Amino acid sequence: MTGTALAPPAVKPSTVRASRLTDPAVGVWIAAFVVTLLGWLVVTLDGGTFFSRANIVVILSNCVALGLVAVGQTAVILTGSLDLSVAYLIGLGTLVAAETMESGSVIGAILMVLALSTAVGLANGLVVTGLKVNAFIATLGTGFILRGWIEDNYTGPAGKVPASFQRLGYDRIGFVPVSVFLLIAVAVALWVLLKYTRLGHHMYATGGDEHAARLSGVRTRRTVVLAHVLCSLCVGAAALFLAARLGAGAPWAGTEARYDLESIAAVVLGGTVLAGGRGGVAGTLGGVLVLAVLDSVFNQLSVDPFFKNVVRGVVIIAAVALYARRGSRRSA
């Protein structure tokens, strides 16, 4: 035998294309395109106008708050954790922002909301990693603490957002709300972090196999804590957007829109595995768009809320089942 090294087998272009098509992120964007076409067809047959300027603006605006929360939720779910306190943090964040802005300090309000978000994310991460409390219970408990504070101090909307800051919620460039660029900036920043930084690689490793990651030198506890902080900062950005949109602090802005469960649904619909280790921001944004388009179609058709939730549930279950079958085929 000779010492000549064997060249690795060439990967066929058809195999590469097939793997891309089976990527959940690609699949959910294809699904978003199909859902949009079907929505247009159904609304048109019902006598409505789906691709009107006003409806497109509504769909894109609805994507912003949910998208910001879902992008943050992606970071924490990738590590094998999750955050159920996001809905109450949004409500408290809008109140802090509006009340601080009413005193005349917009910059101070932004810093206050981001500081609050950092503190809540840090608390969640430390409880999960330090006290070894299951993330579901830990973040639910944090949510109840925030809820108690809100109920004890507020009975309704409070504070006032100046007109200059409300432009974040209502200004547009053509038919694109300026707030969409906030979502894009946050999503791109997190995508770069996950793909090109050591922290991002550690987040995937921790979610994939925490024990193996720890043996490889990854500081898994710190990684989970930082993921929770990143999630809460994204939620803080969503709270600032909603404060601009509503013009005041709204105690139940997060819970009425069910951003806790909706964000998890968008993440799962986008192909991120709840157990952690697989997924990403691109798929999450596709999941957000699917949910926003479905909401728009249901609203234009005046669909019963019960049936609306049934359809959304079926879509999510079908998507997760499809991802699970693909995963089992690959491992076979």
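Modeller: In this predicted model, the count comes to six salt bridges. Side chains of opposite charge can pair when their charged atoms come close.

Arginine 312 and aspartate 295 form one of them, with an N to O distance of 2.8 Å. This pair links distant parts of the chain, since arginine 312 belongs to helix H15 (residues 305–331) and aspartate 295 to helix H14 (residues 281–301), 17 residues apart. Arginine 312 has a relative accessible area of 6% and is therefore buried, the cut-off being under 20%. Aspartate 295, at 26%, is partly exposed. The pair is also part of a network in which salt bridges with shared partners join Arg258, Glu262, Asp295 and Arg312.

Glutamate 210 and arginine 214 make another salt bridge, at 3.2 Å from N to O. Both residues lie in helix H10 (residues 210–215), four residues apart, or about one turn of the helix. Glutamate 210 is partly exposed at 34% relative accessibility, and arginine 214 is partly exposed with a relative accessible area of 42%.

A further salt bridge brings together the side chains of arginine 167 and aspartate 171, 2.7 Å apart from N to O. Here arginine 167 has a relative accessible area of 52%, so it counts as exposed, for which the cut-off is over 50%.

Conventions. Residues are numbered from 1 along each chain as its sequence is written. This is a predicted model: local features need pLDDT of at least 70, side-chain atom pairs count only at pLDDT 80 or more; totals for chains, interfaces and linings use all residues. Side-chain values use heavy atoms; hydrogens and water are left out. A salt bridge is a side-chain nitrogen of Lys or Arg within 4 Å of a carboxyl oxygen of Asp or Glu. Buried means under 20% relative accessible area, exposed over 50%, partly exposed in between (1.4 Å probe, protein chains only). Helices (H or I, at least four residues) and strands (E, at least two) are DSSP runs, numbered from the N terminus.
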